[in-house]
Number of protein chains: 2
Amino acid sequence: MSENVDSILGDQASVPAAAEFARRCRDVGLADTPQRRVIFAALTSSKDHPSAEVLHGRVKERLPRISLATVYRNLSLFVEKGLVDGVATASSHARFDANPHKHHHLICKSCASVTDVYSAAYDALGVDRLESGGFEVQEIKVTGYGLCPRCKTKETNDA
Amino acid sequence: MSENVDSILGDQASVPAAAEFARRCRDVGLADTPQRRVIFAALTSSKDHPSAEVLHGRVKERLPRISLATVYRNLSLFVEKGLVDGVATASSHARFDANPHKHHHLICKSCASVTDVYSAAYDALGVDRLESGGFEVQEIKVTGYGLCPRCKTKETNDA
DNA sequence: TTACGAATGATAATCTTTCCTAATCCGGTG
DNA sequence: CACCGGATTAGGAAAGATTATCATTCGTAA
Ligand SMILES: [Mn+2]
Ligand SMILES: [Mn+2]
Ligand SMILES: [Zn+2]
Ligand SMILES: [Zn+2]
């Protein structure tokens, strides 16, 4: 950690962006560090949906000494604090389901439990209603994220 | 691999189920093996959404010598062939998104690329419309799975 | 400026998933 | 039913991904 912040962030529109990021960090109780600024800026300026490792590669252009662990650590924090979204793709840590009836899922943000949801309204969501631009949509899944009953009560007792 | 199939599958309703499974395997071009029968049966009789490792634990009660690699291998095949569903939870292999505008995603089953979708109709899906039974739903995401333009053309050229 | 809790970097430890190879099994044939 | 050839498995190891640890450094509020 030797570079100074201005040179790290570059000259572009980073001044107002940096102030904005500092405010958002304060709001969620995170310290405003150069690493976080750069990670967040790299993700914000990404048009794709990079993985932690890809992001680490991009961030290293600005902060060559940053650790991969720091990137993982802060992405998790950002997701936890709601500063960014995590997109669950497939494979890896997957859960499996042989229930042949059409249904959707509720996933607990706290314990990762999966609950089935049956909804005629959701089943009826047409693939055709998607603005899919060349993408061949084969199926649509509606997923609700939140807190399962068990975790909800636990949450309130924690305070 | 020494136990015989009947003793492995037990006496319950496994006879018709076994025949049904054999047929579905044939349909998708997979051999009907004892390991696959037991893995599939274990998943079918699960009311939860087990991970590969949890399933391995359950399957081992019937086939103590089965390898974890066999479970992973066959779950992937089952998903690929459409015999079961994979449920993407979070963490691990996650992709990240700092796009602050409400939107949904299309995920390519072939290359795992993620494409943004903006849809007022999907945004309007009310949390309240979910039959959520005690689950506190905080947000709803609609995800379309299929083939991205690049993979779609690749697919047709492969044949 | 000081003091202290928070964050980082480096690396070890843990998963999770895939690969590899010899041995075994499956499905069809004679 | 015995046999063959290709498909599949067990097992272990390798690879890949993520998290934990800890000494050191930094950021923040007083
Ligand atoms: Mn389900
Ligand atoms: Mn997105
Ligand atoms: Zn929960
Ligand atoms: Zn694709």
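**Entry 1: the interface.** I began with the area buried between chain A and chain B, and noted about 5700 Å². Carbon and sulfur atoms give 59% of that area. I then asked which residues of chain A lose the most area to chain B. They are A:His49, A:Phe96 and A:Phe135, which together make up 16% of what that side buries. A reminder to myself: this is a predicted model.

**Entry 2: contacts across it.** How many residues of each chain are in contact with the other? I wrote down 60 residues of chain A against 60 residues of chain B. I also looked at whether the copies use the same surface, and 100% of the interface residues of chain A are interface residues in chain B too, so the two copies meet through the same surface.

**Entry 3: polar links.** Between chain A and chain B I have 30 residue pairs in polar contact, with both residues at pLDDT 80 or more. The salt bridge count between the two chains is four. One I looked up by name joins the side chains of B:Lys141 and A:Asp85, at 2.9 Å from N to O.

**Entry 4: symmetry.** Next I laid chain A on chain B. A turn of 180° with a shift of 0.0 Å along the axis does it, and the RMSD is 0.1 Å. The two copies are thus related as by a two-fold rotation axis. Which residue of chain A comes closest to that axis? It is A:Val142, with its C-alpha at 2.3 Å.

**Entry 5: zinc in chain A.** I moved on to the zinc ion (ligand 3). Its donors are the SG atoms of A:Cys108, A:Cys111, A:Cys148 and A:Cys151, at 2.2 to 2.3 Å. The angles among the four donor atoms run from 104 to 115°, and the site is tetrahedral. Along the chain, the donors follow the spacing C-x2-C-x36-C-x2-C.

**Entry 6: zinc in chain B.** For the zinc ion (ligand 4), I found B:Cys108, B:Cys111, B:Cys148 and B:Cys151 as protein donors, each through SG, lying 2.2 to 2.3 Å from the ion. This site is tetrahedral, with angles of 103 to 115°, and its donors have the spacing C-x2-C-x36-C-x2-C.

Entry 7: B:Cys111 has a relative accessible area of 39%, so I put B:Cys111 down as partly exposed.

Definitions and conventions
Residues are numbered from 1 along each chain as its sequence is written. Chains are lettered from A and ligands numbered from 1 in the order in which they are written. This is a predicted model: local features need pLDDT of at least 70, side-chain atom pairs count only at pLDDT 80 or more; totals for chains, interfaces and linings use all residues. Side-chain values use heavy atoms; hydrogens and water are left out. Donors are N, O and S atoms within 2.8 Å of the metal (3.2 Å for Na, K and Ca); water is not among the atoms, so sites may look incomplete. Four donors count as tetrahedral if all angles lie between 85 and 135 degrees; four count as square planar and six as octahedral if opposite donors are over 155 degrees apart and all others between 65 and 115; anything else is irregular. Buried means under 20% relative accessible area, exposed over 50%, partly exposed in between (1.4 Å probe, protein chains only). Copies are superposed by least squares on the C-alpha atoms of residues with pLDDT of at least 70 in both. Contact means heavy atoms within 4.5 Å. Buried area is the accessible area (1.4 Å probe) that two parts lose on being put together, summed over both. A polar contact is a pair of N or O atoms within 3.5 Å; within protein, one must be able to donate a hydrogen and the other to accept it, and residues adjacent in sequence count only if both atoms are side-chain atoms.
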